[in-house]
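Please find below a colleague's note, arranged as numbered points. The structure is shown first, and the points follow.

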Amino acid sequence: PVTAGAPVFDLTYHLDRTTQNRGKHMPSFRRHSLLLHAGLALAGVTLLALLSMGASIVIAERLGDQAAAMNQAGALRMQAFVITTRLLSEEGQADLSYAQAVARAVEDFESRLLHPELSSVLPKKTGNPLYTGYVDITSEWRGEIRPLIADYLYIVEPASDTAPTEALRALRRQLVTRIHAYVERVDRFVGQIEEAAKAEVMWLRLFLGMALLLTLGAVVFTMRLLRTGVARPLRDLLDGAERARRGDFT
């Protein structure tokens, strides 16, 4: 029972006020939500585009360095054959020019082997096959082949004409055989550089493919968001305005 003078709870008034308050907050929430999602989608597309361009630039620079390294490594094979040609030259073996020609070819080979364009593409990890391959060919050249060439040049110096001819020929055959085997190792090293370059291109393709898919997804999400949050309410608004123009204020 309601006593006289007691306040009466008006349910209709309370529901009307709740509906009005909800109507005040919901459009603002939806508006901010729409702007937030659209902004995030555009920011995502921009970020993916920047990452794609950055990755392309970085990998393009690395591929340029690897191309220069392959050029230097390929020249090592040619220079090794130049050394072999100088060694097999029968003319002027007792002359100083013969030793100078071989020594010049050896210096050219070593300058290419230690060239910064070749060493700059090596990975920092010591267990990497590319790093190991370069260390192997460098160690073999310095520790075995170059000392063997120095011994051979010492024997063929003009002051050493008393050296046995058969021993000289045996040493030369041994040296030529070692250089041919060494060229095969250098060739495998060149192949490792090529494989590393192919791996870089594969990673670039994979990254660009993923970036393209994510960009398309962000574009589709943005178009759907604009359709549901902008186009459809705008169409309803224009429809309501048209009906109001015709005198229908329901």
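Of the 36 residues in the largest nonpolar core, which touch the most other members? The points below begin with the basis of the note and then answer this.

1. This is a predicted model, in which local features need pLDDT of at least 70 and side-chain atom pairs count only at pLDDT 80 or more, while totals for chains, interfaces and linings use all residues. Residues are numbered from 1 along each chain as its sequence is written, and side-chain values use heavy atoms, with hydrogens and water left out.

2. The residues that touch the most other members of the 36-residue core are I83, W141, I149, Y152 and F189. A nonpolar core is a set of buried Ala, Val, Leu, Ile, Met, Phe, Trp, Tyr and Cys residues joined through side-chain atoms within 4.5 Å. Buried means under 20% relative accessible area, exposed over 50%, and partly exposed in between (1.4 Å probe, protein chains only).

3. Two or more residues of this core come from each of α1, α2, α4 and α5. The greatest share is that of α5, which gives 10 residues. Helices (H or I, at least four residues) and strands (E, at least two) are DSSP runs, numbered from the N terminus.

4. I149 is in contact with I83, V102, V106, W141 and L175, when its neighbours within four places in sequence are left aside. Contact means heavy atoms within 4.5 Å.

5. There are four aromatic pairs in the structure. Rings of Phe, Tyr and Trp (its six-membered ring) pair if their centres lie within 6.5 Å; planes under 30 degrees apart count as stacked, over 60 as edge-to-face and the rest as tilted.

6. Because F109 belongs to helix α2 (residues 96-113) and W141 to helix α4 (residues 129-155), the pair ties together parts 32 residues apart in sequence. F109 and W141 are both buried. Together with Y182, F109 and W141 form one aromatic cluster.

7. Y134 and F189 form a tilted aromatic pair, with 5.9 Å from centre to centre and 40° between the planes. Y134 lies in helix α4 and F189 in helix α5 (residues 165-245), so this pair ties together parts 55 residues apart in sequence. Y134 is buried, with a relative accessible area of 10%, and F189 counts as buried at 1% relative accessibility.

8. S52 lies in helix α1 (residues 11-88). S52 counts as buried because its relative accessibility is 14%. Apart from neighbours within four places in sequence, S52 is in contact with F207, L208 and A211.
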